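Please read it alongside the sequence and the coordinates shown here.

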Amino acid sequence: MELQSKYKTLRDVPQIDYLAPGGSLCAGCGGLLAVRLFHKVLGKNVVWVNAAGCMTIMVNYPLVPLKSNWLYTAFASAPAGAQGIRDAFDILIRKGKIPESEDLKVVVLTGDGAAYDIGLQSTSGAIYRNLDFYYLCYDNQAYGNTGFQVSSATPVGSATATTPPVPSEPAGNIQKRKDLFEIWRAHNPPYIATLSSSYTVDFLRKVEKGSTFKGPKLYISLAGCPTGWGYDPRETIREEKLAVETGIWPLKEAVEGKVKHTVVPRALKPVEEYLATQSRYQHLFNPVRRKEVIRSIQEQVNLYWEEASKREDFEIKLVNT
Amino acid sequence: MLMTGNMAAAWGARLGRADYIPAYPITPQTEIIETIAKWVRLGEMDAKLVQMESEHSMLTAAGAASLAGARVFTATSSQGLLYALEMLYNISGWRAPMMLINVARALAAPITLEPDHNDVLAARDTGFLQFHAETCQEVLDLILLAYRVAEDSSVLLPAIVNLDGFYLSFTREKVTLPSEQDVSTFLPDYNPPNPFRANMPVSKGATVLNGALYSYFKYHMHTSSIRALSVFEEAALQFERIFGRSYSPVEPYMMDDAEFVIVISNSFSTIAKQAVRRLRERGFPAGLLKLRMLRPFPSSLVARYLSARRGVAVFDQNISLGSGGIIYPEVVASLYHRRNRPQLLLPVIGGLGGKQITVEEMEKIFEAIKNEIGAESPDPIFLMRQEELETTKNMVRTAKEVQI
């Protein structure tokens, strides 16, 4: 039976914020927006367990914008930090050393560098042990905090600081993104979802829905990155929305392993409508149009949705290539 | 009762009422976590043991659990310690007291199993307090003492208790187990300052993008570590009153009127003590100073015991390649400002990769001090017996020449 959600329209977005304004992150940071929304659903009784990344700078001594608890661990092992805290609370409550009212929801917060690359081992371990925790990956599709180097979340065609387009490699990055959703799903956690702040109600519902499960609740949120992707900070919501409308960023969930797309565009927009708005893809348009690269990106998107529509039996109009 | 060094370490966790034991197997430490795992499963120990996917994660979980208010115990060796090394710096910076047992084992490459101290001494700059044990009883007692010091509100730093792989980890000795009640008197429940809580949120491990502020925190940690020495001495007095065993940061052995002294730590101390006794029987004024506390380094005690001796040898069971022993310069630095410092400070390196050191070799060291061998040079003497050298040469020849 489907959960009756508190969140039906944008009017249902909780007014309360657990994140103070005026923090030290970039203007227009999509990752920060995701943290803010996530926190609204979870409430204040949270401990964030952070891996090295952009969000690490958010808690900058002596100024802390959070009304909740925070631990910075290391690049590779935030999920292990979550394990230690969850286990400590469980045993201290069981032994009667602290009251249940002091308990916290444990949330791992990492970027894609930690989630897809250096921290994959510790994530795998935590899911394997069925740790009762949340994992929020703000995915800006590169190592943003160090100046936008390629990660295994970087899409084909993106320029990064370590995959600059050059005559011998005109496409920029040519490696395909790891499918982290499927890597996580292979571990059989109770709940996984992709998110985008631009689909706010979908976002809030998924956090709400995940909360009903004990065990790993895993989220990959698209995180528009004005400095890395190269667009005006005010456009973050529009960029993320375009990513969904072009089918580049599918919004879906997996409940006990069963995948369902939660937002299905009736007709996909051509990927170039999204690509053309960002500096990281400008080499695909100027000085010459890299038709074959754009076409192959479109083909990948089409293939993905064709298969998904068959599996889940929904209608979607693809873009002709 | 008779037990191995590993078993004594497990009893340290049990009697110390550890709440949480993140674990990961590695030889020669594994017996410790296996023992605790069994106790926890049988309900003989009220704690949670979780086997992690690496030592790096194990230490992350350990430090994080301490910040949530649990008393934490864990153990590793060698490669495991180095794999986790990044987290050691974090945990001390978090001011998260916890217990890490290191069962010493030499480092790859070449990969090997027997001990030297390059593993544990790689952690010397991390902010972890370090205590090194010679006997199984000492393993247990130092765990209780180290918990007490680490959790003291004027210290708040994690601790390592080191025991040598094989020589101590698998050696059975008589160990007196204290009563649970006496241990609770000596080591009350951990009362964490500012743990993670719903009603009083805290941030730990905040970013510090300011050199002066960073320096301030490091200085604070340093002075806390230095303070651990007097906190240890006070705790040791109470320990002696309750349990009848006395521990100081350094242990002098036959040091009254000793003219020639060896400075040493860990399990080879037992062999060196035997050499000292034999030399004394022959009228040779030998003495021994055992380093029990390596961090903070007990400089003033070292200086007090070594000043006015004729010659001192520092036995390093480790090597900083391209420099020499790691303890040697620390002893030298402790003595430099003393007017009556010994004229001869002889650096000796022995026991790498668990190479056995005989009583005769220990006696040779004293002979070398007396004859002022090496007085002209800071290069360390490497211990190797003739028959070991010949066997080694044979093996090297085999590797080079034998073809199938």
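## Strand pairing, backbone and cavity

In chain A, strand β4 (residues 133-139) and strand β6 (residues 216-222) pair in the parallel sense over seven bridges, and the bridge partner of A:D139 in β6(A) is A:L222. Strands here are DSSP runs of type E with at least two residues, helices are runs of H or I with at least four residues, and both are numbered from the N terminus; two strands count as paired if DSSP finds at least two bridges between them. The model is predicted, so local features need pLDDT of at least 70 and side-chain atom pairs count only at pLDDT 80 or more, whereas totals for chains, interfaces and linings use all residues. Residues are numbered from 1 along each chain as its sequence is written, chains are lettered from A and ligands numbered from 1 in the order in which they are written, and side-chain values use heavy atoms, with hydrogens and water left out.

The predictor gives the complex an ipTM of 0.97 and a pTM of 0.98. Chain B averages a pLDDT (the predictor's confidence in each residue, from 0 to 100) of 97, and 100% of its residues score at least 70.

The pair β4(A) and β6(A) belongs to an open, mixed sheet of nine strands in the order β8(A)-β7(A)-β5(A)-β6(A)-β4(A)-β3(A)-β1(A)-β2(A)-β9(B). Its edge strands, each pairing on one side only, are β8 (258-263) of chain A and β9 (203-204) of chain B. Strand β7 (residues 251-255) of chain A runs antiparallel to β8(A) and is joined to it by five bridges, with A:A254 opposite A:V259. The hairpin of these two strands has two residues between them, and A:E256 takes a positive phi near 45° in this hairpin.

A second open sheet, also of mixed pairing, has five strands of chain B in the order β4-β5-β7-β6-β13. Because β4 (73-76) and β13 (293-295) of chain B each have a single partner strand, one side of each is left without a neighbour in the sheet. Neighbouring strands of this sheet are turned by 25° against each other on average, direction ignored; such angles are taken between axes fitted as lines to C-alpha atoms, for helices over the stretch in contact, and run from 0 to 180 degrees between N-to-C directions. β4(B) pairs with β5 (residues 99-104) of chain B in the parallel sense over four bridges, and B:T74 stands opposite B:L100.

Most residues other than glycine have a negative phi, and most peptide bonds are trans.

| Cis peptide bond | Omega |
|---|---|
| A:N286 to A:P287 | near -5° |
| B:A108 to B:A109 | near 0° |

A:P287 is found in the loop between α9 (271-275) and α10 (291-312) of chain A, and B:A109 in the loop between β5 and α6 (118-121) of chain B. A:Q141, a residue other than glycine, has a positive phi near 70°.

Among the lining residues, B:H117, B:S265, B:F315, B:Q317 and B:I327 lie nearest the centre of the largest cavity.

How values were computed: 1 Å grid on protein atoms, 1.4 Å probe; cavity = no way out; pocket = protein on both sides within 12 Å on 5 of 7 lines; lining within 4 Å.
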